[in-house]
Amino acid sequence: MNKKDIVKTLETIAVYLEIKGENSFKVSAYRKAAQALETDERSMAEIGNVAELKGIGKATAEVIDELAETGGSSLLEELKKEIPDGLIPLLGLPGLGGKKIARLYDELGVTDVDSLEKACRSHRVQGLEGFGKKTEDKILTAIEEAGTRPERLPVAFMLAVADDIDRQLVEIPAVERFSRAGSLRRLAETVKDLDYVIATTAPLETAEALFELNGVSGIVNKGETKVTVEFAYNYTVQADFRLVEPEAFATALHHFTGSSDHNVRMRQLAKERGEKISEYGIEVAETGEVRTFEDEASFFGHFGLNEIPPELRKGEEELDAFREEVRLIETADVKADLHMHSTWSDGSHTIEEMAEAARAKGYSHIAITDHSKSLVVAKGLSEDKLARQREEIDRLNDKYGDLTILAGVEMDILANGMLDYSDEILAELDFVIASIHSAFSQDRSVIMHRLKAALENPHVDLIAHPTGRLIGRRKGYDVDVKALIEMAKETGTALELNANPNRLDLSAEWLRMAQEMGVPLSINTDAHYMKNLDYMPIGLSAAKKAWIRPESVINTWTLPKLRQFLNRNDS
């Protein structure tokens with residue numbers, strides 16, 4: 001477990017103890033321990049003996065050590081046995097914390113959402129001390145809204161579900177090959193259901209194994225060529241598994257990946273050649289012969305096309321464009337990740353640990369961009385702390401011969417349009433990101449004034465997550481993206497594609513416009529711990545949707561070329 005995971009687990013234990021009715025001192029001990037870790041700038045490896053930290057006692061230290069060593073907590077497991085599972089989801093309802101849930105449990109026998117709803121409808125909740133009619137009404141409204149599954153779910157949610165399914169499919173002996181398909185493979189921002197194509201010579205055996213996957217809550221369809229099951233996560237997720245002979249895998253994968261418009265265009269192309277496409281292969285009309293392919297590249301090559309990435313199979317201009325070779329950004333092009341955080345602000349790993357993770361990916365350079373001073377919730381860096389961090393980065397640069405660490409910052413664009421540091425401070429940094437983290441409700445003119453102030457500052461190199469959106473959760477602030485791109489062109493400032501699947505900000509439409517206008521782009525993970533660096537392929541997939549070429553992205557540039565860009569405004 002990294003430090004953030006341990007902090008979260010300690011806070012979870014505190015909530016369980018609160019619901020159980022333990023004394024406030026014991027509950028407080030776990031919250032204080034969580035805070036002690038959260039405020040310490042070191043990673044778990046650097047801290048060593050956690051019992052030496054102020055705020056961590058013997059009992060909490062033992063729990064922390066167990067979490068660090070095993071990834072689990074025997075105390076938490078015991079608490080889970082003592083408290084009904086249905087109580088924990090109630091924490092997501094408005095106005096309900098551990099103490100109030102304990103009162104609902106002890107005095108009204110509430111054990112889950114259903115029993116809480118009944119208690120609210122019978123008006124028993126409003127009679128409890130600390131509640132009231134308004135709280136009761138808010139709870140009922142929240143229950144009604146939570147019970148409705150959105151038609152389409154955010155891609156980040158579905159990617160996590162698919163990752164879980166992937167891990168299990170690998171373990172099924174009868175599965176020879178498999179791949180995600182459908183809108184998730186095209187990296188749609190929201191996804192209705194999951195689609196998979198599985199190559200197998202034992203469909204019945206495979207089907208039985210699919211029914212036994214962890215998380216399966218219902219079986220919708222049983223068949224030798226198609227199995228549909230429902231998984232119980234926070235929402236019910238339906239997954240269609242297409243079972244095909246191994247030789248038909250490539251054509252089936254193409255068939256179940258492309259949009260309907262893409263598939264229509266491909267069928268028209270086949271018809272012109274006297275052929276017919278199906279998921280089983282390509283049938284020659286005159287002879288009835290069915291041809292199959294080793295992979296999708298061979299399938300497209302049959303039609304004189306270069307392989308079209310799944311992200312572009314939308315039935316637009318891709319068939320015409322891919323008659324020629326199209327060079328889009330690939331993993332091998334990426335030389336750097338230029339937006340990440342460390343334990344100096346709200347990250348979980350030290351600069352050195354992040355650097356080692358970047359070295360393992362073969363990067364030649366990275367930028368450490370911890371939060372600026374005004375973002376107190378993220379332990380933003382004061383000017384003094386920023387200077388001390390630079391010394392640490394210099395020390396590490398002396399140590400490494402194959403990786404250069406750029407000293408940077410993710411600086412807040414404040415609500416009043418001011419920037420969080422003076423020009424004198426910014427001039428000392430290698431890489432400056434500016435971003436909005438507050439006052440999202442301001443009207444468009446104010447938001448644009450704030451962004452313009454950052455873009456016109458000669459030290460600002462990149463605007464991060466430019467719209468502030470979180471897919472399916474937050475629209476972001478009211479920004480004129482076209483005007484933003486035009487200003488970035490004028491000032492020579494880069495715009496970010498944030499690879500975090502919750503963001504993917506900017507979206508494809510705006511990325512393509514930016515590239516066409518010659519605005520430099522940067523694809524970054526915004527990593528807050530080492531594992532987040534794995535978001536890069538998701539960002540690259542999002543970039544392909546926008547037809548982004550490697551030369552448009554500053555992460556693909558050599559360090560000398562990047563430095564030329566960073567020094568563009570030097571007199």
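Ring pairs link Phe293, Phe299, Phe300 and Phe303 into a cluster; rings of Phe, Tyr and Trp (its six-membered ring) pair if their centres lie within 6.5 Å. This is a predicted model, in which local features need pLDDT of at least 70 and side-chain atom pairs count only at pLDDT 80 or more, while totals for chains, interfaces and linings use all residues. Residues are numbered from 1 along each chain as its sequence is written, and side-chain values use heavy atoms, with hydrogens and water left out.

**Aromatic pairs**

- The structure holds 10 aromatic pairs.
- The ring centres of Phe231 and Tyr233 lie 6.2 Å apart with 40° between the planes, so this pair is tilted; planes under 30 degrees apart count as stacked, over 60 as edge-to-face and the rest as tilted.
- Phe293 and Phe299 make an edge-to-face pair, at 5.9 Å between centres and 85° between planes.
- Phe231 is buried at 0% relative accessible area, whereas Tyr233 is partly exposed at 27%. Buried means under 20% relative accessible area, exposed over 50%, and partly exposed in between (1.4 Å probe, protein chains only).
- Both Phe293 and Phe299 are buried.

**Charges over rings**

- The charged end of Lys100 sits over the ring of Phe131, 5.1 Å from the ring centre. The criterion is NZ of Lys or CZ of Arg within 6 Å of the ring centre and within 35 degrees of the ring normal.
- Arg568 has its charged end over the ring of Phe565, 4.3 Å from the centre.

**Helix α23**

- Helix α23 covers residues 559-566, and its buried residues are Leu559, Leu562, Phe565 and Leu566. Helices (H or I, at least four residues) and strands (E, at least two) are DSSP runs, numbered from the N terminus.
- Viewed down the axis of α23, these buried residues fall within an arc of 115°, so they line one face of the helix; the arc is that of the directions from the helix axis to the C-beta atoms.
- Pro560 and Gln564 are exposed on the other side of α23.
- The buried residues of α23 pack against β12 (365-368), β13 (404-412), β14 (431-435) and β16 (494-498), with contact meaning heavy atoms within 4.5 Å.

**Leu338**

- Leu338 lies in the loop between β11 (336-337) and α16 (351-360), and is buried at 0% relative accessibility.
- Leu338 and Ala527 are 189 residues apart in sequence, with a C-alpha to C-alpha distance of 9.7 Å.

**Arg180**

- Arg180 belongs to strand β2 (residues 177-181) and counts as buried at 18% relative accessibility.
- The Arg180 side chain makes polar contacts with the side chains of Asp163 (2.6 Å) and Asp166 (2.7 Å). A polar contact is a pair of N or O atoms within 3.5 Å; within protein, one must be able to donate a hydrogen and the other to accept it, and residues adjacent in sequence count only if both atoms are side-chain atoms.

**Sheet β8-β9-β10**

- Three strands form an open antiparallel sheet in the order β8-β9-β10; two strands pair if DSSP finds at least two bridges between them.
- β8 (275-278) and β10 (290-291) are the edge strands, each with a single partner, so one side of each has no neighbour in the sheet.
- Two bridges join β9 (residues 281-284) to β10, and Glu283 has Val290 of β10 as its bridge partner.
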